[in-house]
Amino acid sequence: MNTLKRMICCCAAAFTACCCIPETFAAASAAEDRRIIVSLGDSYSSGEGIEPFFGQEQENAVKVQDEDWLAHRSQLCWSGQLTLPGVSGTMAEHRGENWFFVAASGAETVHLKNSFVKRYTLKDVQGSKALAPQLDVFDGIAPGTVDYVTLSLGGNDAGFSSIITCAAGFGDTDLTTKLEQVWTHFYEAGGIRENLKQSYYDISEAAGPQARIIVAGYPPLLSPDGNPWIKAANCTAVNEATALFNDEIERLVAECSDEGLNIFFVPVEEEFAGHEAYAEDAYLNGVVLFAQAQDLDKNTFVSSYSVHPNAEGAKAYARAVQAVIDRLEAENTVAPALQLSMSTDAQPTAAGDTVAVEVMVSTDAEQPVDVSLRFNGSDEAADSAVLSVAPGETALYRFTYQITEADAAAGFAHVSAEAAIPGSDQAPESAELVIPVTAPQAQRGTFTYLDENGTAQSVEAVILSGSETELAPGWYAAENTLQFDDALNLSGDVWLILTDGCTLTLSSLTGSGALCVYGQESGSGALVLCGGASVGSYYQYGGSVRLETDAEYALTAETAIVLSGGTFAADSGISAERITLAYQKDTDSIRAEKYSAQTLETETGCAFVTRERVLSADTLICSSLPEFVYTGSAQAPGKADLTGLLRYQIPVFEGTVDADAVGGKTLYPYPIAAESDIPSEVFSFRTLTDADFTIGSIEPGIDAGEYSIEILGAGAYTGSAPVRWQITAADVSGEIAVTAEQPLCAGEAITAESLSFAAHTPTAQLLLDRLANGEASAAVTLLSDGEPVGSAPEAGEYLCRVVITDAADGNFVPVEAQIAVTVIAAAQIADDETLCGWAENDYRKKTGSEVSASVTEKANGQITVTLTDADGNTVDTYVIDTATGTGTNNAGETVDLPQTGVTAADSMLLMLCGWLLTALGAAAVIGSGVFRRRDETESGR
């Protein structure tokens, strides 16, 4: 694509610059005097091109997460200039209260109910953000309170950008054909008209039937006198197509209105007549070259501000829409026969709470009238009542409403009432009341606890009250004496601190989450489970836990039970897929009737007891495996690495034990002479000192894996034990930088050779060395919107994911890196149509004959141009390199189309392209600092 064509295409793309940003709003009350406008739609509603945008004053790293800025929502947009009776000033002064603004530049009909991904490429940050559906704004507004919804929509569905491209002569088809395609798509099943109609119904459903939907049309875009980019005839054609598009939208709005939709169309052509882009007093921007300060893509050649209304255009839109709103307000000034409102002072907190609701009724009748009331939610037998209302007075009716489980789960209750004068033609008046159901705030505090390593920590936790029946995921603390009479359920992972001196008694405990029990400094906090526990997993690092039940298993867990500190005693068994027993200090203990698990392990090597038999070790035990990370050379632990990790232990007994049964244990700390010599402690263990052991054989290794060490008793101790030491695969994630080495061109395969890699650490360099030697591999995947694309993609913005895998012995964890890449279109001196024109001129100059040229084949950067005479006979064939415009004919003679085929107009265009490329090249050289470095060199710096 040549430079001018690329510039026009960028301009068209800027017309559809897109983004949709949700807002966070407090739930609106149903107050009678509240007037609300919600503004949806595309860039013509968001105010694209009219600075300042909301959020633009922030740093780049912050504002790329600011949904207002990403959507290019202008502080001067036309919907913010609207006014409503009862609201002081403009809507822009009441955003979030009376005005809810979520229009997004580039939005299509699909983005009303679906998210919208916006990409940004700034100087110091790039990425993308998924934006919420525009109709989500109504989730934060009380039902029935929206007065107006304003929008412009459909232009992006029609592909106005491609229409402008064709108008400029650079599309895949001519302008007439392109417009015919648009109208075909407009009327087909699932086409633009069908999508627009569904959008209007979706808006009405979300906003409520009382909301008036104001649909604004589009202005004439281009001055009919033409402009530097598009000739006058095509400008007129585009404007006529826009007018027809507006006519179709107006007919569609009328059709929806006839079907009962509260919807109105606002034409804007009159306001913009004579003020099109490039007119003397233009209300629309023309083509804005180069990225502006607030453009989301700093690399663009044409700003997204192009062909969008300017500040005067926003005022013109506001004038047109305000006139319709004023007319609708004037038609609705007749006072209703009845006024109805509802209120309550109650603040319910849970299901079962009752709420006293007051219904106030007044009338403009000159005589007392009876008013029939109907309401929902009453606990009384009847759902209706009759009130006598005196002129100028307000009658009061009260009923009660009981909060349901559904209300408590939703966080609010919805109550409504309806009033009517029997026999009157006046439509019934209705009122709605939203009652928040706010659970009382749990009491919280900051507590210390000993973590799994015995280190003191502090955390904010909810203080248990004893009334809970379910615990949500989070931290909890038990204080003093607390008893739960009802079963307690865990809805997720719960961390429980047993404060010193507390006793927490539970009747039973269930749930699919994990329970993690911690103690404080003295470890005197106690948990008593009377009915057993069944949880996802159980971890104990401190405190005292006792399970009292007649069931076969006092504690069952789906996955794991880890007893790693404190005291644990169960009257019956414990069961899990894996049970791990470990101690932190000598006062810790574990007792259970039996242990049922696929895997039973003693992490620190400490003995544990069952009623059936003694389980203990008679050799040295390694309490934790030494672990090292592969760095490219053999590694083995020395004695200093193991000191403090190895322990010895004595057998643990319950009841009387025959001395002969245990007398042969070589690691028993003293000989057993008689039964009385058996210690009364439940268990005993001690960490070995440097003098208690030596290291025997070591199996060396140079790759990641497990290796053996023989540990030998020394001094007063005999015996030996093999233990394992581990060299783990190195994880160098984040230590390797990946960049695109050269521009990536469309149609070319993107492989690891297209990228460059740099290591930030010596260990990471080892992996890159293996990659260079073929001992590791790099898989490259291009992603668009999270989905993989082919290895030879089209031009566009992509996310490149690279996964480096150590193919040989797995010494490295696979490394994944992601970078944003731009795939550019392959360089072509001119488009195919222009090259064909040059070929016709070349043949005409050489032979004097008139011919027609067409591209009959295109591959690998070359095209085959076939030349035919008036009778359709082939007279010659040119094979042309698209990058240079040179090639050969059927006779093998050289063909140089830029030299012999270019017309005078083409020559001027090539000169313009050359000037632009020269200017851009000069800017790049200056920006690179070459001249500065030369000056520094010459000055001796």
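Lysine 846 forms a salt bridge with aspartate 842, with the closest N and O atoms 3.2 Å apart. A salt bridge here is a side-chain nitrogen of Lys or Arg within 4 Å of a carboxyl oxygen of Asp or Glu. The two residues are 4 residues apart in helix α16 (residues 832-847), so about one helical turn separates them. Helices (H or I, at least four residues) and strands (E, at least two) are DSSP runs, numbered from the N terminus. Lysine 846 is partly exposed at 47% relative accessibility, whereas aspartate 842 is buried at 0%. Buried means under 20% relative accessible area, exposed over 50%, and partly exposed in between (1.4 Å probe, protein chains only).

This is a predicted model: local features need pLDDT of at least 70, side-chain atom pairs count only at pLDDT 80 or more, and totals for chains, interfaces and linings use all residues. Residues are numbered from 1 along each chain as its sequence is written, and side-chain values use heavy atoms, leaving out hydrogens and water.

The structure holds 19 salt bridges. One of them joins arginine 193 and glutamate 255 (2.7 Å, N to O). Arginine 193 lies in helix α8 (residues 192-207) and glutamate 255 in helix α9, so the pair ties together parts 62 residues apart in sequence. Arginine 193 is partly exposed at 22% relative accessibility. Glutamate 255 is partly exposed too, at 25%. A network of salt bridges links Arg193, Lys197, Glu255 and Glu259.

Strands are bridged as well. Glutamate 460 meets arginine 444 in a salt bridge, the closest N and O atoms being 2.8 Å apart. Glutamate 460 belongs to strand β16 (residues 456-463) and arginine 444 to strand β15 (residues 444-450), so the pair ties together parts 16 residues apart in sequence.

Now turn to the rings. There are 20 aromatic pairs in the structure. Rings of Phe, Tyr and Trp (its six-membered ring) pair if their centres lie within 6.5 Å; planes under 30 degrees apart count as stacked, over 60 as edge-to-face and the rest as tilted. Tyrosine 44 and tyrosine 317 have ring centres 6.4 Å apart and planes at 75°, so this pair is edge-to-face. It links distant parts of the chain: tyrosine 44 sits in helix α2 (residues 43-46) and tyrosine 317 in helix α11 (residues 311-331), 273 residues apart. Both tyrosines are buried. Tyrosine 317 also pairs edge-to-face with phenylalanine 272, at 5.5 Å centre to centre and 65° between the planes. Phenylalanine 272 is buried. One aromatic cluster includes Tyr44, Phe272 and Tyr317, with Trp183 and Phe245 also among its members.

A cavity is a set of points on a 1 Å grid over the protein atoms alone where a 1.4 Å probe fits but cannot get out; lining residues have an atom within 4 Å of a point. Grid points are joined across faces, edges and corners, and a volume is the space filled by probe spheres set on the points. The count is 5 cavities of 30 Å³ or more. Helices α6 (160-167), α7 (175-187) and α9 (232-258) each give two or more residues to its lining. The largest share, 4 residues, comes from α9.

Helix α6 has 7 of its 8 residues buried, so it is largely enclosed by the rest of the structure. Phe160, Ile163 and Ile164 are among those buried residues. After α6 comes glycine 169, whose phi is positive, near 90°.

Technical notes:
On a 1 Å grid over the protein atoms alone, a cavity is a set of points where a 1.4 Å probe fits but cannot get out, and a pocket is an open set with protein on both sides within 12 Å along at least five of seven lines; lining residues have an atom within 4 Å of a point.
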